[in-house]
Amino acid sequence: MNGLAEAAGSFALTRWVSRKSRADFERWQAAALRRFLDRDLPRAPFYGMAPARLSDLPVTEKALLMARFEDFNIHHLTAAQAWAALAGEGRAGPLTVGASTGTSGNRGLFVISEAEKYRWLGAILAKAVPDLLWRGMRVAVILPQNTGLYDSARKSRLIRLAFFDLASGPESWRGALEAFEPTVIIAPPKMLRHFASEGFRLRPKRVFSAAETLDPVDRPVIEDFFRLPLDQIYMATEGLFAVTCRQGGLHLAEDSVFFEFELAGEGLVTPLVTTFRRRTQIMARYRMNDLLRLSEAPCRCGSPLRCVDEIVGRMDDVFRLASPDGPVLVTPDVLRNAVLKADRRIDDFRLVQTGPDKVELSLPPTFADDAAAAAHEAVQALLDARQAVATVTLVRAPLPLETGRKLRRVEARLERAR
Ligand SMILES: [Zn+2]
């Protein structure tokens, strides 16, 4: 396998597809999806044969994919073998194994081939930094763990790539990061915001938020500090799902993923994804946990790939409350807006559903008491208006930078019966 050829081929394909009309693109995508269903999907024991239509396949979820890991990859690698590989170098023979962060028991595993790793690199470069590529880039990646996905980039001469471990904390690598002088920074929004508040000496040409939902409250702080528009890379264990274009549109990666959407209420959808260009681990009609708001209008850049207005949060973080008329669901964006709109001085908070009828709002003691009171009232008023039976408690406490887990300002921390 020639890695550079794979990356270059994927780069070229990604650019080529982005110049098609929507109609041409859909024809290309339908043919690629059909090929995947006929040739690749049946090689996973879970499927065994090609379906007449994609919609004939069952919807899959993380619990199923993890419970029957060996039936969803073509090498019959078991979850136990994958975890063992992960504890070592992250290699299982020629395959790379990775996992998402998360609470134990809730981590997602993935396995990809060398060729797929290079194709992934080519696609992400074509989407994120096609104009910077030929000028030599220094890319700083600050993510929860080094997944092995980036090894391919490290071997390329066009890119210098440095990985900084989110979990070990910024104090331990601040000097090294500043000395590296990255031209591209990829990091979770909380870390980008930390760079801003601590005045890190950084002058990148492009900054990407990744690995966590970008909360609108963080965007202006980060953009003011770097004096750049903040772009997003939306990826998960399951693959690369969306990247911001040069016109600021967050385009779904429909050139490698077929998306179906389930309505989640309030104008939001949750995606079912079929990753039709991955052949090692087969993922079809996989239900993601994310809540998206799709754009109505196409992007000015002319790409046929659909745009997302916002990644609102996770389905897990929808508040589920009781009311006299039955269950009430309140989505994270609505809850967030209630807090932020209550007072302009509020730019950080935590709102957690801690029990079936209990909600806790935490605000740092540095915020004025009247601002905190207004936010407290606003959340209670929102839930009352929905007839939800819930008491909101206000907690005044500092909000520390947590590097060991994903930041979720709105979170449902209920143990749910399955
Ligand atoms: Zn665009």
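Me: What's the phi of Gly 199, the residue that follows α8?
Reply: It's positive, near 60°. Bear in mind that this is a predicted model.

Me: Which ones are they?
Reply: Pro 189, Lys 190, Met 191, Leu 192, Arg 193, His 194, Phe 195 and Ala 196.

Me: What do those buried residues pack against?
Reply: There are strands and helices on the list. The strands are β4 (137–143), β6 (184–187), β7 (206–210) and β8 (230–236). The helices are α7 (174–180) and α9 (219–226).

Me: Let's take β7 then. How many of its residues are buried?
Reply: 5 of its 5 residues, and both faces are covered. Arg 206, Phe 208 and Ala 210 are on one side, with Val 207 and Ser 209 on the other.

Me: How does β7 run relative to β6, parallel or antiparallel?
Reply: Parallel, with 4 bridges joining the two. Ile 186 has Phe 208 in β7 as its bridge partner. The chain gets from β6 to β7 through α8, and that β-α-β crossover is right-handed.

Me: And what about β7 with β8?
Reply: Those two pair in the parallel sense, over 4 bridges. Ser 209 stands opposite Gln 232 in β8. With α9, the two strands make a right-handed β-α-β unit.

Me: Switching topic: which strands make up the antiparallel open sheet, and in what order?
Reply: There are 3 strands, in the order β1-β2-β3. β1 (91–92) and β3 (109–112) stand at the edges with a single partner strand each, so one side of each has no neighbour in the sheet.

Me: How many bridges pair β2 with β3?
Reply: 4 bridges, with β2 covering residues 95–99.

Me: Now the aromatics. How many pairs does a search of the whole structure find?
Reply: 13 aromatic pairs. One of them is Tyr 234 with Phe 241, whose ring centres are 5.8 Å apart with the planes at 50°, so that pair is tilted. Both residues are buried.

Me: What about Phe 259 and Phe 261, how is that pair arranged?
Reply: It's stacked, at 6.0 Å centre to centre and 10° between the planes.

Me: Are those two buried or exposed?
Reply: Phe 259 is buried, with a relative accessible area of 8%. Phe 261 counts as partly exposed, at 28% relative accessibility.

Me: Which residues do ring pairs link into a cluster?
Reply: Phe 164, Trp 173, Phe 180, Phe 195 and Phe 200. Phe 195 is also one of the buried residues of α8.

Me: What sits over the ring of Phe 200?
Reply: The charged end of Arg 174, 4.1 Å from the ring centre.

Me: And which residue lies over the face of Trp 16?
Reply: That's Lys 20, at 3.8 Å from the ring centre.

Definitions and conventions
Residues numbered from 1 in each chain as written. Predicted model: local features only at pLDDT ≥ 70, side-chain atom pairs only at ≥ 80, totals over all residues. Heavy atoms only, no water. Phe/Tyr/Trp six-rings, centres within 6.5 Å; stacked < 30°, edge-to-face > 60°. Buried < 20%, exposed > 50% of the residue type's maximum accessible area, 1.4 Å probe, protein only. Lys NZ or Arg CZ within 6 Å of the ring centre and 35° of its normal. Contact = heavy atoms within 4.5 Å. Pairing = 2+ DSSP bridges. Right-handed = clockwise from strand over helix to strand, strands pointing away.
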